[in-house]
Amino acid sequence: MRAVIVCASVSHGNTRRIAEAMGRVLSAPVVEPERLDPAGLAAYDLVGFGSGIFSGRFHPLLRGFVRSVPEGQCGRAFVFATSGLPELRVRPFSRPLVRELERKGFEVADTFACRGFDTWLPFRLVGGINKARPDGGDLAAAGAFAEGLLRTGGR
């Protein structure tokens, strides 16, 4: 299975660490959105899309990249994120990105999220939250998530 991980990690490297843990399992390079041709995603069997969460949304670099992907990709994808606050069941932050990827033609296999060090205001006033995250348990969970994708062929 040929895989690539598109990752926008801009604040503390949280999301990059998660992407690299997944990439080791999937034998997939981790690439910044601005360094990849959106049309080139058709060459991959599985594409991961991830970033930190900012005000309840994926980073604008990642969202812009996904918008630029040509429709009809018809490949498999997964979505992942790190965030200071947990994802809410009633309004998951992954839903809009998953829907956009599906609109583009991707079959989204699954999503993954974990907590990460966050210094967004007002958290900056107290030195941030989740200072030790992602931790070893989060990296192991990311690896296990990727192993699950391999077992199911990315489905």
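User: Why is L61 called partly exposed?

Analyst: L61 has a relative accessible area of 39%. Buried means under 20% relative accessible area, exposed over 50%, and partly exposed in between (1.4 Å probe, protein chains only), so L61 is partly exposed.

User: What kind of model is this, and how are residues numbered?

Analyst: This is a predicted model, in which local features need pLDDT of at least 70, side-chain atom pairs count only at pLDDT 80 or more, and totals for chains, interfaces and linings use all residues. Residues are numbered from 1 along each chain as its sequence is written, and side-chain values use heavy atoms, leaving out hydrogens and water.

User: What makes R16 and E32 a salt bridge?

Analyst: The N to O distance between their side chains is 3.1 Å. A salt bridge needs a side-chain nitrogen of Lys or Arg within 4 Å of a carboxyl oxygen of Asp or Glu, so the pair R16 and E32 counts as one. R16 lies in helix 1 (residues 14-26), while E32 is in the loop between strand 2 (30-31) and strand 3 (46-54).

User: Which residues are linked with R16 and E32 in a network of salt bridges?

Analyst: E20 and R35 are linked with them. R35 bridges to E32, with the closest N and O atoms 3.5 Å apart.

User: Why is R35 called exposed?

Analyst: R35 has a relative accessible area of 66%, so R35 is exposed.

User: Is E100 buried or exposed?

Analyst: E100 has 18% relative accessibility and therefore counts as buried. The side chain of E100 meets that of R103 in a salt bridge (2.9 Å, N to O).

Methods:
Helix = DSSP H or I, 4+ residues; strand = E, 2+ residues; numbered from the N terminus.
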